[in-house]
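Let's take a look at the salt bridges in this one. Here is the model to have open while you read.

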Amino acid sequence: QVQLVESGGGLVQAGGSLRLSCAASGSIFKINAMAWYRQAPGKQRELVAITTSGGSTNYADSLKGRFTISRDNARNTVDLQMDSLKPEDTAVYYCYARAIPRGIFNASDVWGQGTQVTVSS
């Protein structure tokens with residue numbers, strides 16, 4: 001089993017910054033993609049940013065230039081640096097991994113429990 005634990009959410013004023021962190025633990029053979037998603041009240045969950053084990057990244061078009069995803073393959077962690085935050089960035093942010101547990105040779109989707117980010121105007 002692979003687990004993801006997020007940290008770093010909270011309340012911030014518009015224009016401020018927050019850094020989210022996510023750590024994978026458990027019996028891990030390999031983690032392919034790691035990503036951050038978010039879900040605002042009344043809206044569908046959406047991709048924020050994704051990074052592969054090879055280091056390539058992709059962002060939601062509306063967030064390019066403000067959010068930065070980074071990954072440490074050795075530590076199985078992924079961070080999301082969020083700058084110039086806006087009230088519309090308020091959401092629950094979820095960490096995601098496409099992971100292969102040891103002894104199980106199929107990858108599966110793993111989600112964290114989510115962390116609340118609230119941006120006040």
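Is D89 buried or exposed? D89 is buried, at 1% relative accessibility (buried is under 20% relative accessible area, exposed over 50%, partly exposed in between, with a 1.4 Å probe and protein chains only).

A quick word on the ground rules: this is a predicted model, where local features need pLDDT of at least 70, side-chain atom pairs count only at pLDDT 80 or more, and totals for chains, interfaces and linings use all residues. Residues are numbered from 1 along each chain as its sequence is written, and side-chain values use heavy atoms, leaving out hydrogens and water.

A salt bridge here means a side-chain nitrogen of Lys or Arg within 4 Å of a carboxyl oxygen of Asp or Glu. By that rule, the count is 7 salt bridges. Three of them, for a start:

| Pair | Closest N to O |
|---|---|
| D89 and R38 | 2.9 Å |
| R98 and D109 | 3.0 Å |

D89 sits in the loop between β8 (77–82) and β9 (91–101), while R38 belongs to strand β4 (residues 28–39), so the pair links parts of the chain 51 residues apart (strands are DSSP runs of E, at least two residues, numbered from the N terminus).

R98 is partly exposed at 30% relative accessibility, and D109 is partly exposed at 45%. As for shared partners, salt bridges join R38, E46, R66 and D89 into one network.

Note on methods:
Helix = DSSP H or I, 4+ residues; strand = E, 2+ residues; numbered from the N terminus.
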